[in-house]
Amino acid sequence: MSGQRKVTVVGAGIVGMASASYLQRDGHDVTVIDRVAPGESCSFGNAGGLSPGAVAPVATPGILKQIPSWLADPMGPLAIRWSYLLPALPWLLRFVRASEPERVERIAKALRDLLGPVFESYDPIVRAAGAEDLIHRVGQLYAYGSEAAFQGDATGRELRRRNGVQFEVLERDQIRQMEPALAPIFVKAVHFGAHGHCADPLGLVQRLAARVAAAGGRILRDEVRDIEAGPAGGSVIVTSSGRHAADAVVVAAGAWSHRLAARLGDRVPLETQRGYHVTVADPGVAPRRNVMWAERKFVATPMAMGLRVAGTVEIAGLKAAPDYRRADVLLKQAAIMYPGLRTDAVTKWMGHRPCTPDTLPVIGPATRRAGVFYAFGHGHTGLSGASTTGKVIAEIVGGRPSSIDLAPFRADRF
Ligand SMILES: Cc1cc2nc3c(=O)[nH]c(=O)nc-3n(C[C@H](O)[C@H](O)[C@H](O)COP(=O)(O)OP(=O)(O)OC[C@H]3O[C@@H](n4cnc5c(N)ncnc54)[C@H](O)[C@@H]3O)c2cc1C
């Protein structure tokens, strides 16, 4: 499809708004439809990490061995609601299969293509939205409380090295110098100098949305029920309140995208790995950068609204109520990580990460419907992956070659 067209984006999370921003830069007439306000779903409460080097998939060799100890530990990073085990089982089996070593190598290369240019891809749309103050390229630390935990992550470091990710290993004293607010319990850390964070993930989506609206785009509050083939080409988007014609449609509906994809004839195994955060409004400590406590698998990030502590994976589907004890665990661990953390004024949140079994999102055309494109399934790194996704979506909607190889991201790979 070339020339300037009517394009509708379903979903006003970070992926949908980055796509809408790039499509509008190309001169398209853009409409974004979401049942909630921009950024109010998963993109609301992430840890803000902007990680070009996050090339290791979630399922890596040996993950099966780790799962029982994670599940047995009430402070551990993984929980499964047992009532949801059966519905999640097919996805979980695919997830384990994706940890085979040769698949991990291929996935890492695709992630490098997608995440590597995160800052360069954000740059034009962030500048247009006047959101430069939210992007901080100040590095990121993975901190380890024991030598054994550090050694246990050697495979991940080798994978990063093979994919050209730059990092340095810090010893106890260097960690203290770099992050004086951290407790002296960390014996090793990996410093990614080219990483960074967003100081307000919701604010970023809102500013992109404001820019799209100011430049003539429409942002509608509505529920998309179906995407039909248009009588004379293009699509008709069927919503709760009406029907909208579009030349092209982008499905960026986060953890709910598989429902629309199924209506278009694509069966994509998408599961939600629910994550939690606590944001401490007046933390009384001043960390400088985003730090992951590597063996506990959560991240603490200095943000505009306070210190955000985010992470954990809960397999419980899209409907179950949040279990905020998961957030309480994060707060307890953050108090160990940052002695002196004031924990009186906190807010808690749960969000639905949209996860494929192989960690890679689905980016590219629908396989059975011309003029529909997918941009979903970014899992743990959707804030980082959104910018290049938006760029690539505008390229392929405009009929141009994609600047990254989209074969690993195809909808029919499963
Ligand atoms: C605790 C936690 C920490 C995280 N930390 C990081 C991090 O540090 N770095 C990073 O890169 N990523 C991180 N992530 C992941 C990141 O937040 C997600 O990958 C990203 O927000 C997904 O964006 P999205 O636009 O695809 O989905 P969403 O933000 O969920 O947006 C999808 C939108 O589609 C709408 N929608 C769905 N179906 C329909 C329909 N039928 N009609 C209308 N609207 C519809 C929904 O209402 C929703 O608003 C984290 C996630 C969590 C939970």
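Strands, as named in these legends, are DSSP runs of E with at least two residues, numbered from the N terminus. The model is predicted.

**View 1. The shell around the ligand draws on helices and strands.** Helix 1 (14–25), strand 15 (271–280), strand 19 (346–355) and helix 12 (382–397) each supply at least two shell residues. Strand 19 gives the most, with four residues. By class, the shell holds 13 nonpolar, 16 polar and five charged residues. Of the 34 residues around the ligand, the nearest are Asp34, Ser41, Ser43, Gly379 and Ser384.

View 2. In the side chain of Ser41, an N or O atom is 2.8 Å from a ligand oxygen. Cys42 places a backbone N or O atom 3.1 Å from an oxygen atom of the ligand. For Leu383, a polar backbone atom is 3.0 Å from a ligand oxygen. On its own the ligand has 1,000 Å² of accessible area, and the protein covers 96% of that.

**View 3. The ligand lies between two domains.** Domain 1 (6–44 + 202–269 + 359–413) and domain 2 (58–99 + 135–194 + 270–355) both give residues to the shell, so the ligand sits between them.

**View 4. Strands 14 and 21 pair in the parallel sense.** Three bridges join strand 14 (residues 248–251) to strand 21 (residues 372–376). Val250 has Phe373 of strand 21 as its bridge partner.

Terms used:
Residues numbered from 1 in each chain as written. Predicted model: local features only at pLDDT ≥ 70, side-chain atom pairs only at ≥ 80, totals over all residues. Heavy atoms only, no water. Near = heavy atom within 4 Å. Polar contact = N/O pair within 3.5 Å; in protein donor to acceptor, adjacent residues only side chain to side chain. Areas by Shrake-Rupley, 256 points an atom, 1.4 Å probe, with all protein chains shown as cover. Nonpolar A, V, L, I, M, F, W, Y, C, P; charged D, E, K, R; others polar. Domains from an automatic or database assignment. Pairing = 2+ DSSP bridges.
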